[in-house]
Each structure stands twice: as C-alpha cells, then as structure tokens.
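Reader: I'm new to this one and would like a close look at a single part of it. Could you walk me through it slowly?

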Amino acid sequence: MDLDTVRTFVAAADAGRFQEAAAELAVTQQAVSKRIAALERDLGVRLFTRTPRGAELTIDGQAFLPHARELLRAADRAVASVRAGSRPLRVDVITSRSAQSGLMRGFHRAHPEIELDVVMLFDIERAVAAIRSGAIDASFRAVAAPGRPLPEGVESVRVIDEPLQLLVGPGHALAAARSVPLARLAGHRIWMPGVVPGTEWAAYYDDLVAEFGLTIEVTGPNFGSDALLDTVADTPALATFMGGQTRLVWPAGHGLRRIPVTDPTPVYPHSLLWHRDNPHPALAVLRAHLAATAAGHGAAGTWVPDWAIPR
C-alpha cells in the first residue's frame, strides 16, 4: 500500500475538504483526488462521500482511519529507527517546576552535547500513547495505579522518591513547627485543587487519605500554583502539600512555611517510562545517568502506596 495515498487520505479526513488537504500537502487538488481514487480502488470501497460542505467519511472510511493513522506512525517509527540520533531526545516532565524537570536539568548539565526537547503532557494515558507511537521517548510518572497496568512493550524504573512537605501560611496553627508527624495532620484542612480525578496523583492522594485519615479538599477551580499560594498565605485554616523538590516562588510578604512531614514521610514515587524498542541512543544515556545520580528512593521511615512499582 502506497504511503503517500494513505497520508493523503488522513489529511483529507482531518481537513474535511480535498482543497485544504491539498494545501497542507503542497500538491494540487487534482492530485489529492487521484490519490484517494487510487486508494479506494486498492481497497475496493468508497472512503468519502462528496457533500456541499466538502468530503465526509463513509462508514468504510471511518473504519479505515485509525488503521491508516497507525500505518503512518509505524512508518515514522521505522524512519526514526535509523535516524534517531539526528533528532532531540524528547522527554515528558509533566510540569516545568517539578522534580522531574530538575532531574532533566541535571542531565542536561552532565550531557550538554545531547539535544533535548522537553514536553509537558497532562495525564498518564496520553503519555503512554505518546511513548507507544514514538511521539516522545520517555516520561516521568507514578506507576502503576490499581487496574492500570502498563501496555506490552512499555517499561519503567523507579528513579526517585520525592518527600512531601506541608505548606502553610504564617497564621496557621502549625506554622512554627520544624516538622510535623503525619498523624498530626488529621483534622487539618489540606487544600489541593489541582488534584484531578483519574490521574496517577489522584490515586496517590486517595491512598494517603485512606491510610492516615487525612482531609484533602479538591473543591474550587484550579487557577494554578500562584493562586494556590496566595490563598494558603491568606487563610490560616488551609494548608497544602507540595513536593520537597518542587520549585515554587512566592512574594516574601506571603510568609509561607515549608514543613517536613515525618513518621512516616509520604514520598511521591517518580518513575521513568520508555518503550523497549525505542532506538534513540540518548535514551540509554539518560537511563544510566538517572541510575547513577537519582538517589533517595526506598529510604526507611517513608510511605508510598502499595501499587507503586518496585524500587
């Protein structure tokens, strides 16, 4: 099957008009029509129905579309297998202020010759799909939440455990504490509007609440970290959790305190995910760097959910 015709079909399906597909592919509209006709002859079915609004997929076209996309992804992976060293290593760090971002900054300092492309994907399903398709080379995630095993071919290794800290404003009852036992947080309101149901961090905090009887509130719109810091600074009744290696900056007048949590210390288990068939030469360098430098996971006196992958 000719990949140009498949690529033309996908472009036309996405655009909904042969003319727009032609512009995207830098060919004539006649060329698009000829390629679609050739593909329909090869398959023995009609893929599009012409309408006054453009071109709509037939039932057969709708059935063929996901397979056509996979054909193109497979072709891209085949090309990448022999040209991997010519493109940047693409790694998902979730957010720019996270511990994962710090790990990648350390990797860049140690290996400035390796070109990097750092991306930020929201949920684990999207990250895993990007790993499988070759859109990214690796991702930092907490795995594997109950009922959510990694697909065949996707591998992981736990690289760092990030201790949680309690963040409070100057008027909070615990503001003067040098550390606070986890059990002492029962009854205090911990506000975390960024915890989204269905994410791996939501599964983590659900288990933390169940294990230690905490109260974590996720109500209200999530206006981002700056708004969260403003509210915690101004509201003595509220606290929030943040990673000990998360880099946040707030005005000096906020008077916020970061308080270590102990007995046990809850830690967030960061793992590196990648596809075992990924050919990028820098991926092995990244894995070796993390194995050598990302210490601090599995320490005594810490807590992680039972579903976290082994160290």
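Reader: In which helix does Ser101 lie, and what is going on around there?

Author: A quick word on the ground rules. This is a predicted model, where local features need pLDDT of at least 70, side-chain atom pairs count only at pLDDT 80 or more, and totals for chains, interfaces and linings use all residues. Residues are numbered from 1 along each chain as its sequence is written, and side-chain values use heavy atoms, with hydrogens and water left out.

Now to your spot. Ser101 lies in helix H5, which covers residues 99–110; helices here are DSSP runs of H or I with at least four residues, strands are runs of E with at least two, and both are numbered from the N terminus. Ser101 counts as buried because its relative accessibility is 11%. For that label, buried means under 20% relative accessible area, exposed means over 50%, and partly exposed is in between, using a 1.4 Å probe and protein chains only.

What does Ser101 touch? Setting aside residues up to four places away in sequence, Ser101 touches Val93, Thr95 and Ser96, where contact means heavy atoms within 4.5 Å.

Ile94 sits in the loop between strand S3 (89–92) and H5. Its phi is positive, about 70°, although Ile94 is not a glycine. Most residues other than glycine have a negative phi. Ile94 has 17% relative accessibility, so it counts as buried.

Val93 leads us on to another neighbour. Apart from residues within four places in sequence, Val118 is in contact with Val91 and Val93. You'll find Val118 in strand S4 (residues 116–119). Val118 counts as partly exposed because its relative accessibility is 40%. Val118 and Arg90 are 28 residues apart in sequence, yet their C-alpha atoms are 5.7 Å apart in space.

Stepping back for a moment, the chain has 9 helices and 13 strands. Of its 311 residues, 44% count as buried. Among contacts in the chain with a separation of 6 or more, 75% come from residues 24 or more positions apart. And the C-alpha trace spans about 75 × 45 × 35 Å along its principal axes.
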